[in-house]
Amino acid sequence: MGSTSEMKAVAMRVWRRLPVHVFVLASSLCLCQCGAEEDSAMENIVTEKKAEESHRQDSADLLIFIMLLTLTILTIWLFKHRRFRFLHETGLAMIYGLLVGVVLRYAIHVPSDINNVTLSCHVNASPATLLVNVSGKFYEYTLKGEIGANKVNDIQDNEMLRKVTFDPEVFFNILLPPIIFHAGYSLKRRHFFRNLGSILAYAFVGTVVSCFIIGALMYGCVMLMKKIGHLQDDFFFTDCLFFGAIVSATDPVTVLAIFNELQVDADLYALLFGESVLNDAVAVVLSSSIVAYQPTGDNSHTFEAMAMLKSFGIFLGVFSGSFALGVATGIVTALVTKFTKLRDFPLLETALFFLMSWSTFLLAEACGFTGVVAVLFCGMTQAHYTFNNLSPESQDRTKQLFELLNFLAENFIFSYMGLTLFTFQNHVFNPIFIVCAFLAVFLGRAANIYPLSFLLNLGRRNKISSNFQHMMMFAGLRGAMTFALSIRDTATYARQMMFSTTLLVVFFTVWICGGGTTQMLSCQKIRVGVDTDHENSIGPDGVERRSTKQESAWLFRIWYNFDHNYLKPILTHSGPPLTATLPACCSPLARCLTSPQAYENEGELKNADSDLILNDGDITLTYGDIAVSTDGTGAHSSGVLMGGAAVNSDEALDRELAFGDHELVIRGTRLVLPMDDSEPPLTLDSHRQRHRNEFMS
């Protein structure tokens, strides 16, 4: 105890002898530590508050687009109810987007944040990520984009406008895939393949011709602007070609919707739809090939034959690779749905179909190919093969699901187009460039349609009439694909000018050309109210004609036979069993690949391809009890079926042709073709004469 008291006394004497500044230093250390902890806590609170405000702002931005779509849907219902056709839903969505963009740009002002600090430092490039050292703590800042010198003090307003400007990858990875897939999945294959040669010519040759004509005209415009001093930065010939590629992508969604509603001639619909579907894919690959053009040397914008050939090789490689990838994904999905029992669980089946289809786009982009081409041909493959393996519930679900996604994505994009006209902060509007662009787009479309139509008519039995050509020229609208390609890169002065001009081109074509579709149909005297499923279609000249195998390309006839006898039985439950088509040496493999359903469905055509082509040697047309047969040579005979015997009789033919249903017998499948009730009653003589003309021609 004594020793303890002595130690305390010594300690007290030592503390009394310490200088005063030691106590001050110790207390300061304690206060600094407490202050640092308080600053850190306050900083965390501020960060959480900003995160919460950002979350609310993002929710409000998405709510704006949801309200835009809701308002568009309600107005569409009103237009359909009142039968207004002068403005399509996409044009309406653009108008609503414009109105909201005006409000966001000029009516809403966000107060400045007093915590914002502007510091200047001179660097040679703009780094994508910036690390800032603040009192020993490192903070990461991400590049959001360039801000004009006159907008530095409006950072909050810039931030609000930037939040409603989506990352371009959102369009390519989320919004475009359902639109392109639906185009391939809902393709009317009968009319598409009947006009396949013409569609490929318009889509491939026409798009390339249009691209180079627009690029050459715009390069002349750029040279003129440079001479008169209206060009502020570099604009090379490759930039002009890139502009030609992106505005050559047509998207006549407005026209096609009106065509479908009015039931316009099926061949005209197929030509426009097929061209728009394929030329979107061609335009995407063509634009990427132009960007990949890199001649040797310091100047990357000079002409070099080897660099051009390399770009052409890239075009072929990317397109063929994307095509193969899309078809392969569709085949894998068909095999999975065929050899598994997924059809017993429609929800799982639909989910797998959806994921496999969407992953095609992402897989192609990740492999360096083009997702647009891949997902397009994946959709066509899924419709041709996989659809036959799905359960009835999944068939309905997949069609309705992608139709819904296509509708929402397309209207979202067009609403965003209107919004972007005011919220995009780096617009470059040049009147000379805009006027020249409209002129070049018009001439490029004309060079696509008229010369190719003339050449195609030299080999077509069913000619593309002049009124069809004028309608196709008028219907060359620009839309979602053109916008998505132009907004993907707006880093340079040239790309910003292209983007601003592209917006105006899309607005004009959708509002003016799309809105005038009905009037153009009347002006060109193009028939409407055509039953596209009726086998006896009426040509542009008003003459009734019947589809024959000569109207389909010989290459497609060969493909159809191969597909029906081998691919369909391998990938689906349809078609003849492989045991009946493969050689006897392959019978073990044939039994393995043929499903039990194929034996049950033998002799039946479960798909919609039975009307693609008449490819058998014998075709029998039955009118009630009257049978008219034609063989492969074109010879024909007719007779009355009485107790299984055919008796030739013109009187019986006249009697039976007067009324009744038409039946077309192909491959043992009986398709009933009802007569058009709107036709006036014909006399017996006219029935006999028309019947003879049909089979003697």
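**Close-up 1. Threonine 420 in helix α14 of the predicted model.** Threonine 420 lies within helix α14, which spans residues 392-423. Its relative accessibility is 0%, and because buried means under 20%, threonine 420 counts as buried. Leaving aside residues up to four places away in sequence, threonine 420 touches His427, Phe483, Phe499 and Leu503.

**Close-up 2. The surroundings of phenylalanine 483.** Phenylalanine 483 touches Thr420, and its other contacts, again not counting residues up to four places away in sequence, are Phe171, Ile413, Tyr416, Met417, Phe499 and Leu503. Phe499 and Leu503 are also among the residues that threonine 420 touches.

**Close-up 3. The crossing of helices α7 and α8.** The axes of helix α7 (residues 196-227) and helix α8 (residues 237-247) come within 7 Å and cross at roughly 135°, and the two helices are therefore oblique to each other. The crossing in which α7 passes α8 is right-handed. On the α7 side the contact is made by Cys211, Phe212, Ile214, Gly215, Ala216, Met218, Tyr219 and Val222, which meet Phe237, Cys240, Leu241, Phe243, Gly244, Ala245 and Val247 of α8. Sorted by class, this contact of α7 with α8 holds 13 nonpolar and 2 polar residues, with no charged residues.

**Close-up 4. The largest nonpolar core.** This core has 123 residues, and those with the most contacts inside it are Met218, Phe235, Phe243, Phe259 and Phe483. Helix α10 (residues 266-291) gives the most to the core, contributing 14 residues. Of the residues named here, Met218 in α7 and Phe243 in α8 also take part in the contact between those helices, while Phe483 is a residue that threonine 420 touches.

Methods. Residues numbered from 1 in each chain as written. Predicted model: local features only at pLDDT ≥ 70, side-chain atom pairs only at ≥ 80, totals over all residues. Heavy atoms only, no water. Helix = DSSP H or I, 4+ residues; strand = E, 2+ residues; numbered from the N terminus. Buried < 20%, exposed > 50% of the residue type's maximum accessible area, 1.4 Å probe, protein only. Contact = heavy atoms within 4.5 Å. Axes fitted to C-alpha atoms, helices over the stretch in contact; angles between N-to-C directions. Parallel < 35°, antiparallel > 145°, perpendicular 65-115°, else oblique. Left-handed = near helix turned anticlockwise from the far one by under 90°. Nonpolar A, V, L, I, M, F, W, Y, C, P; charged D, E, K, R; others polar. Core = buried A, V, L, I, M, F, W, Y, C linked by side-chain atoms within 4.5 Å.
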